[in-house]
Amino acid sequence: MAGFSRRLTWALVATFVCVSASPAQDQSLAGAAKREKARRAKVSKPVKVLTEEDGKEIATKGTGSLTALTSAAGSDTEVVQVSTEAPIEVRKAEWKKRADDLRARIASYEADITQKIADVEAFRSDIAPLSAQEAQDSLRIQKREQQIAEMNAEVEKQRANLAGARKAMADLETEARQNSIPAGWLR
C-alpha cells in the first residue's frame with residue numbers, strides 16, 4: 001500500500017510541474033519583452049550617463065545642474081533634478097543657519113516651559129502672610145486658582161510651540177535627506 005501512495009504522490013507532483021510549465025509563463029515573458037521594447041521606443045533621445053568625475057567637477061565648481069538616475073527592480077527609471085545654483089559654501093551656510101535657528105527656538109521654548117513650571121510651583125507653594133485686605137477677600141482662593149489655571153494654559157501653549165518647532169526640525173532633516181544634503185551641514 002505504501003508503494004502505491006508514493007507512486008500516486010509522484011504522479012501528482014509530475015502533473016503539477018507539467019501544468020506549472022504551461023505557455024502562460026512564456027506569454028508573460030514575451031509580454032514583458034514587448035513592453036520593454038515599447039518603452040525603449042518611446043525614449044526620444046539618449047540620456048547622457050554621468051560619471052563620478054562629472055559629479056566631482058560639478059561639486060567643485062559649485063554651479064550647474066546634476067541629474068541623478070535611480071532605478072528599483074521592476075520599476076521605471078526615475079529622474080531626479082538636483083539644483084546646485086549657489087556655491088557649496090553658501091548653500092552649506094544657508095542649511096546650517098536654518099538648523100541653528102530651529103535649534104535656538106527649541107531651546108528657547110524648553111527654557112520658557114521650565115521657567116513657567118517653576119513659577120506655577122512657586123505660586124502654589126507661596127505661604128506668605130496675607131494682608132488684611134486679602135484675608136477679608138471671600139474670592140481669594142478662586143482668584144488664586146484662576147491665576148494657576150492661566151499659568152498652566154501658558155505652559156501648554158509653550159509646549160505646543162515646542163512640538164511645532166521639533167516637527168519643523170524633523171521636516172528640515174527630511175528635506176535635507178531628500179536633497180542629498182550631508183548631515184554635517186545641519187550641525
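Author: Contact means heavy atoms within 4.5 Å. This is a predicted model, in which local features need pLDDT of at least 70 and side-chain atom pairs pLDDT 80 or more, while totals for chains, interfaces and linings use all residues. Residues are numbered from 1 along each chain as its sequence is written, and side-chain values use heavy atoms, with hydrogens and water left out.

Reader: In what order do the elements of the protein chain run from the N terminus on?

Author: Helices (H or I, at least four residues) and strands (E, at least two) are DSSP runs, numbered from the N terminus. The protein chain has 6 helices and 2 strands. Their order is α-α-α-β-β-α-α-α.

Reader: Which residues have the most contacts inside the largest nonpolar core?

Author: A nonpolar core is a set of buried Ala, Val, Leu, Ile, Met, Phe, Trp, Tyr and Cys residues joined through side-chain atoms within 4.5 Å. Buried means under 20% relative accessible area and exposed over 50%, with partly exposed in between (1.4 Å probe, protein chains only). The largest such core has 15 residues, and those with the most contacts inside it are Trp 95, Met 169, Leu 172 and Leu 186. The elements that give two or more residues to this core are helix H4 (88-124) and helix H6 (140-178).

Reader: Is Trp 95 buried or exposed?

Author: Trp 95 lies in helix H4. Beyond its neighbours within four places in sequence, Trp 95 is in contact with Leu 172, Glu 175, Ala 176, Asn 179, Ile 181, Trp 185 and Leu 186. Its relative accessible area is 8%, so Trp 95 counts as buried.

Reader: How far apart in space are Trp 95 and Gly 184, C-alpha to C-alpha?

Author: In sequence, 89 residues separate Trp 95 from Gly 184. Across the protein chain, residues 24 or more positions apart account for 59% of the contacts with a separation of 6 or more. The C-alpha distance between Trp 95 and Gly 184 is 9.8 Å.

Reader: How far is the charged end of Arg 98 from the centre of the ring of Trp 95?

Author: A charge sits over a ring if NZ of Lys or CZ of Arg is within 6 Å of the ring centre and within 35 degrees of the ring normal. Arg 144 lies over the face of Phe 123, at 4.4 Å from the ring centre. The charged end of Arg 98 sits over the ring of Trp 95, and its distance from the ring centre is 4.8 Å.

Reader: What do the end C-alpha atoms of H6 span?

Author: The expected span of a helix is 1.5 Å times one less than its number of residues. H6 has 39 residues and should therefore span 57 Å. The end C-alpha atoms of H6 agree with this, at 57 Å.

Reader: Which residues of H6 are buried, and what does their cover include?

Author: The buried residues of H6 are Ile 148, Val 155, Gln 158, Leu 162, Ala 165, Met 169, Leu 172 and Ala 176. Met 169, leaving aside neighbours within four places in sequence, is in contact with Ala 99, Leu 102, Arg 103 and Ile 106. What covers the buried residues of H6 includes H4.

Reader: What phi does Ser 180 take?

Author: Ser 180 is in the segment after H6. Ser 180 is exposed because its relative accessible area is 59%. Although Ser 180 is not a glycine, its phi is positive, about 55 degrees.
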